[in-house]
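Dear colleague,

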Amino acid sequence: MVRDEQYGELGKRFEEHLLAGIPALQRAGYNPTDFLRMIKTQGAVRTAKTLLASARHTSYGFATLWEKNRLDASVEFAVCLPWFRELFTGEELDRAEFRLTEHHFDLKRISTVAAPDWYAAPVPEQWDRARTGARTAEHPGEQPQPAPGPTYRQRVEAEEAAQRHRAATNPALRTEAARSNVFRALVLERAGGRCENPRCGHPGFHAIGRNERPIVEVDHVHGLKDGGPDHPVNMVVLCPNCHAVKTRGRDSEVADLRLLLAGIARGKHEAAMGVA
Ligand SMILES: [Zn+2]
């Protein structure tokens, strides 16, 4: 078994993160020997992917951690941390979140973990930030202004640079990372978690899912398999109904909707980038 060197610096940090949590588990009376052996032979990222792919994940004590009320020390929790998410596919992230929520773990605890120093792009959820912003505006001067995070433009440019770097250093990784979780998060924020179809039949729809996020879907206006780019300029947020119409609707309607959404995606992207 080859260790997962292809995940680069972030992969190493993920491994350090998992290993750093082991002593606390041992103190709590749980010695994850199988898990450690897997990390040693496969590397941490591949270990996590293996465990997420297995329906029963018997090699690792998820149940033990649950019994000890320490799911915050689980691989699933680590996978969901914002700074590690790009190592994993959307499906792997969904599985990790599902396992945690299935065991009544409050996913909001993820946002309480302090970001490590090396993580340049903390991503506060748009809806939280909107609330904070509204409060500050009502009572100017009463609250300290939160330190401004990186802008949309800075985050787009950082992700583009990271992708160029990854593609140059490791072409094999390109297919696996075809969908950027960073871009996905940016587009969700840009839309405020709402459907962006101006003809949406359910404009008031903003149900919240069990992961405490709005139930909406990120759509590539021009599909990836048709050569559309995985880039915010080609991505919109749609409610489940509009997404179904776009992917399964009548040809004429889909073509019309695609044209409309292409303009929305480009317009919103350029506005957020500060392009005049
Ligand atoms: Zn809609």
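The buried residues of helix 12 are covered by elements that include strand 1, strand 2 and helix 13 (251-273). The residues in question are Cys242, His243 and Lys246, and because they fall within an arc of 100° when helix 12 is viewed down its axis, they line one face of that helix. Please keep in mind throughout that this is a predicted model.

One of those residues, Cys242, also belongs to the metal site, where the zinc ion is coordinated by the SG atoms of Cys195, Cys200, Cys239 and Cys242 at 2.2 to 2.3 Å. The angles subtended by the four donor atoms run from 106 to 117°, and the arrangement is therefore tetrahedral. For comparison, the ideal angle for four tetrahedral donors is 109.5 degrees. Along the chain the donor residues follow the spacing C-x4-C-x38-C-x2-C.

Leaving aside residues up to four places away in sequence, Ala207 touches Arg213, Pro214 and Ile215, while its C-alpha atom is separated by 9.9 Å from that of Gly193, a residue 14 places away along the chain. Helix 11 itself (residues 181-190) includes Glu189, which counts as buried at 7% relative accessibility and whose side chain makes a polar contact of 3.0 Å with the side chain of Arg155.

Turning to another part of the chain, helix 3 (residues 33-42) has Phe35, Met38, Ile39 and Gln42 among its residues, and these four are buried. They cover an arc of only 100° around the axis, so they sit on the same side of helix 3. Their cover includes helix 1 (8-20), helix 2 (22-27), helix 4 (44-53) and helix 6 (75-80). Gln42, with a relative accessible area of 10%, has a side chain that is joined to the side chain of Thr50 by a polar contact of 3.2 Å. Just after helix 3 comes Gly43, which takes a positive phi of about 90°.

Asn69 has a phi near 55°; it lies in the loop between helix 5 (62-67) and helix 6 and is exposed, with a relative accessible area of 62%. His104 has a positive phi of about 60°, is found in the loop between helix 7 and helix 8, and counts as exposed at 75% relative accessibility.

In that loop, between helix 7 (90-102) and helix 8 (126-138), lies Phe105 as well, but Phe105 is buried, with a relative accessible area of 8%. Apart from residues up to four places away in sequence, Phe105 touches Leu71, Asp72, Phe77 and Leu100. Phe105 and Asn211 are 106 residues apart in sequence, and their C-alpha atoms are 10.0 Å apart in space.

Finally, some values for the chain as a whole. The protein chain contains 13 helices and two strands, and buried residues make up 37% of its 276 residues. Of the contacts between residues at least 6 apart in sequence, 69% join residues at least 24 apart. The accessible surface comes to about 15700 Å², and carbon and sulfur atoms account for 53% of that surface.

Technical notes: Residues are numbered from 1 along each chain as its sequence is written. This is a predicted model: local features need pLDDT of at least 70, side-chain atom pairs count only at pLDDT 80 or more; totals for chains, interfaces and linings use all residues. Side-chain values use heavy atoms; hydrogens and water are left out. Buried means under 20% relative accessible area, exposed over 50%, partly exposed in between (1.4 Å probe, protein chains only). A polar contact is a pair of N or O atoms within 3.5 Å; within protein, one must be able to donate a hydrogen and the other to accept it, and residues adjacent in sequence count only if both atoms are side-chain atoms. Contact means heavy atoms within 4.5 Å. Accessible areas come from the Shrake-Rupley method with a 1.4 Å probe; for residues, only the protein chains shown count as cover. The arc is that of the directions from the helix axis to the C-beta atoms. Donors are N, O and S atoms within 2.8 Å of the metal (3.2 Å for Na, K and Ca); water is not among the atoms, so sites may look incomplete. Four donors count as tetrahedral if all angles lie between 85 and 135 degrees; four count as square planar and six as octahedral if opposite donors are over 155 degrees apart and all others between 65 and 115; anything else is irregular.
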